[in-house]
Amino acid sequence: MYFIFILGPAGSGKSYLTYSLTNWLIEHGMDVATVNLDPAVTWLPYTPDVDIRDYITVEEVIKKYNLGPNGALIAAIDLSINFIENLRSEIEELKVNYIIVDTPGQMELFAFRTAGPTIMSSLALNDKSVALFLIESTILVKPSTFLSLIMLALAASIAHKLPQIITLTKTDLLPKEKYEDIIKWIEDPMEIFKDIKREDTIFVTQYGEVVTAFEDIIARLGIGGFVTISSITGQGLDELYALIQRVLIGGEDFYTEEPSEIL
Ligand SMILES: Nc1nc2c(ncn2[C@@H]2O[C@H](COP(=O)(O)OP(=O)(O)OP(=O)(O)O)[C@@H](O)[C@H]2O)c(=O)[nH]1
Ligand SMILES: [Mg+2]
């Protein structure tokens with residue numbers, strides 16, 4: 001069994017990617033199940049096979065503990081830990097190879113508190129896992145925004161400690177020139193710093209040392225796996241799958257049925 005955790009800031013496209021990647025995997029002959037870990041969500045674009053809301057919802061927590069919506073969400077995520085064994089048993093009964101896990105909208109409450117990474121590791125146990133860190137490509141208006149979101153992705157991976165693929169979403173909404181800029185940054189991350197120095201002079205004046213320090217970090221470590229996708233057009237899902245395979249199984253396909261159509 002392989003776990004694909006989908007993380008990212010609010011509205012970055014986590015639930016739609018859960019839906020589109022699940023369909024893509026099924027269309028390519030693979031066995032998949034979806035897990036919803038968001039106790040606050042009222043509607044999802046897919047029907048989860050396993051759902052934290054069967055055990056706890058934010059509405060119940062609001063009533064039971066007399067909390068406001070934000071406090072209740074934090075409490076609901078913390079309390080979710082009590083039900084992870086139940087979710088794990090449900091997942092095991094499904095006997096599928098890929099488990100796609102959609103995480104709560106408020107990523108900062110999930111990724112940067114103890115509960116989120118604990119939930120992830122308790123759910124996956126010893127099964128191989130990968131995290132997809134989603135960034136909405138339409139908000140990448142400046143190279144410095146790109147840099148700060150890469151820093152956010154790095155912070156998330158330090159919290160969950162899984163191999164991570166940065167996944168730029170909603171590329172169907174990007175103008176061509178912006179898409180080309182982003183591809184240039186992905187292919188050679190040092191281009192981000194060239195563009196920051198050229199275009200973001202105010203940023204460089206204020207944060208010159210930070211920029212230099214990060215230039216050094218990225219020169220040493222790179223930015224890791226990176227892919228652009230659209231859940232609406234399906235652009236990039238094949239490339240995302242190839243990267244996931246590389247992380248999880250070293251490139252080998254893992255079919256449960258005869259693959260009808262291979263990449
Ligand atoms: N154009 C376009 N819109 C998208 C795409 N993916 C998601 N959206 C839209 O973006 C909005 C948010 O998508 P979700 O998948 O719900 O995002 P999320 O990260 O799960 O949101 P939260 O769970 O609330 O944080 C929805 O209105 C989607 O229709 C995409 O690839 N292209
Ligand atoms: Mg969602």
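Where does Ile139 lie? Ile139 sits in the loop between strand S5 (128–136) and helix H7 (143–160); helices (H or I, at least four residues) and strands (E, at least two) are DSSP runs, numbered from the N terminus. What you are looking at is a predicted model, in which local features need pLDDT of at least 70, side-chain atom pairs count only at pLDDT 80 or more, and totals for chains, interfaces and linings use all residues. Residues are numbered from 1 along each chain as its sequence is written, while chains are lettered from A and ligands numbered from 1 in the order in which they are written.

Let's stay with Ile139 for a moment. Because Ile139 has 14 C-beta neighbours inside 10 Å, it counts as partly exposed. That label belongs to a scale on which a residue is buried if 20 or more other C-beta atoms lie within 10 Å of its own, exposed if 12 or fewer, and partly exposed in between, with C-beta atoms placed from the backbone.

Leaving aside residues up to four places away in sequence, Ser129 touches Phe3, Phe5, Ala124 and Leu162; contact here requires C-beta atoms, placed from the backbone, within 7 Å.

Phe3 and Phe5 turn up again around Val101, which touches Phe3, Ile4, Phe5, Ile6, Val35, Leu37 and Leu123, again not counting residues up to four places away in sequence. Val101 is, with Ile4 and Leu7, one of the residues touching the most other members of the largest nonpolar core, which has 68 residues. Such a core is a set of buried Ala, Val, Leu, Ile, Met, Phe, Trp, Tyr and Cys residues joined through C-beta atoms within 7 Å. Helix H11 (residues 237–249) gives the most to this core, seven residues.

Now for the helix pairs. The axes of H2 (residues 58–65) and H3 (residues 69–80) come within 9 Å and cross at roughly 110°, so H2 is roughly perpendicular to H3. Axes are lines fitted to C-alpha atoms, for helices over the stretch in contact, and angles run from 0 to 180 degrees between N-to-C directions. Angles under 35 degrees count as roughly parallel, over 145 as roughly antiparallel, 65 to 115 as roughly perpendicular and the rest as oblique. Val58, Val61, Ile62 and Tyr65 of H2 meet Pro69, Ala72, Leu73, Ala75 and Ala76 of H3, giving nine nonpolar, no polar and no charged residues. In these classes, Ala, Val, Leu, Ile, Met, Phe, Trp, Tyr, Cys and Pro count as nonpolar, Asp, Glu, Lys and Arg as charged, and the others, Gly among them, as polar.

In the loop between H2 and H3 you will find Asn66, whose phi is near 55°, a positive value in a residue other than glycine. Asn66 counts as exposed because it has 9 C-beta neighbours inside 10 Å.

The axes of H9 (residues 190–199) and H10 (residues 201–221) come within 10 Å and cross at roughly 170°, so H9 and H10 are roughly antiparallel to each other. Their contact has seven nonpolar, no polar and two charged residues.

Finally, the shell around ligand 1 has four nonpolar, nine polar and four charged residues. Helix H1 (residues 14–27) supplies the largest share, three residues.

Key
Two residues are in contact if their C-beta atoms, placed from the backbone, lie within 7 Å.
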